[in-house]
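Q: I would like to learn how to read side-chain features from a set of coordinates. Can we work through some cases?

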Amino acid sequence: MRILLVEDDRTIASGLEYSLQQDHFETILCYDATSAKRVLAERLSEVTLCIFDLSLPDGSGYDLCKIVKERSDIPVIFLTAIDDEVNVVMGLDMGADDYITKPFRIRELLSRIKSVLRRYNKQAQTPSNFELENIRINTLEGKVYKNGDEVLLTALEYRLLLIFANHVGQVLSRNQLLERIWDVAGEFVNDNTLSVYIKRLREKLEDNPQEPTLIKTVRGLGYKVGD
């Protein structure tokens, strides 16, 4: 993984470059916005993540972030010596993924880097479409279609269906479903409520809700979608 590091303080830059390389990252180091823009123009496809100092002698990290986000979907972390909420919010609004205020511990920065990369890798691995028999889920639109016609689901019904779609062929116990719904919905869902949502999903998606072929009950164990 290659990190583009843009930092005008050469002492800080050298220390960061050394630490990143010790943690098995390759680095491209720039001390100003001009050289960074040249790298972004010629070598952006080689870069996995960018770390930009906000204040540069010939520009700002904001400008560089804008260039990156217009051309690619790679993460950007800001370094800032100004613990100022307005600057932080402006950077995040521009598409930055995280920021860290100087002075900071290198282990904290490395932890932030790995957290952002995990988030991006998870997003990249999430398919934009799921096909379950005659049901299609478009996760980019947040819509569900049956035989080509849109089916209107509540937010929790949609989330429950996504859980099944991400675990095709696996038997999911009621407890597993309740734990996952709690995680994504941020609200309490009890066992009786889960039964209601399973029933509603079947009524909306199954050809014959009384004899479901999509969301099947595995007696004594839980539910299963797909073989």
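This is a predicted model: local features need pLDDT of at least 70, side-chain atom pairs count only at pLDDT 80 or more; totals for chains, interfaces and linings use all residues.

Q: How many aromatic pairs does a search of the whole structure find?
A: The search finds one aromatic pair.

Q: Which parts of the chain does the pair link?
A: Tyrosine 62 belongs to helix H3 (residues 61-71) and phenylalanine 78 to strand E6 (residues 76-80). The two are 16 residues apart, and the pair links distant parts of the chain.

Q: Is tyrosine 62 buried or exposed, and what about phenylalanine 78?
A: Buried means under 20% relative accessible area. Tyrosine 62 has 14% relative accessibility and therefore counts as buried. Phenylalanine 78, at 3%, also counts as buried.

Q: What does the UniProt annotation say about Asp53?
A: An annotation may be inferred rather than shown by experiment. The unreviewed UniProt entry gives Asp53 as "modified residue: 4-aspartylphosphate". In the model, aspartate 53 is found in strand E3 (residues 49-53). Its relative accessible area is 4%, so aspartate 53 is buried.

Q: Which residues is aspartate 53 in contact with, leaving aside neighbours within four places in sequence?
A: With those neighbours left aside, aspartate 53 is in contact with Val6, Glu7, Asp8, Ser60, Gly61, Leu79 and Lys102.

Q: What is the nearest side chain of opposite charge to arginine 202?
A: A salt bridge needs a side-chain nitrogen within 4 Å of a carboxyl oxygen. For arginine 202, the nearest side chain of opposite charge is glutamate 206, 4.8 Å away. Arginine 202 is buried yet has no salt bridge. This residue is found in helix H8 (residues 191-205). Beyond neighbours within four places in sequence, arginine 202 is in contact with residues including Pro209, Pro212 and Tyr223.

Q: How many residues of helix H6 are buried?
A: In helix H6 (residues 155-165), nine of the 11 residues are buried, and the helix is mostly covered. Among them are Leu156, Glu157, Tyr158 and Phe164.

Terms used. Residues are numbered from 1 along each chain as its sequence is written. Side-chain values use heavy atoms; hydrogens and water are left out. Rings of Phe, Tyr and Trp (its six-membered ring) pair if their centres lie within 6.5 Å; planes under 30 degrees apart count as stacked, over 60 as edge-to-face and the rest as tilted. Helices (H or I, at least four residues) and strands (E, at least two) are DSSP runs, numbered from the N terminus. Buried means under 20% relative accessible area, exposed over 50%, partly exposed in between (1.4 Å probe, protein chains only). Contact means heavy atoms within 4.5 Å. Lys and Arg count as positive and Asp and Glu as negative; His and the chain ends are not counted.
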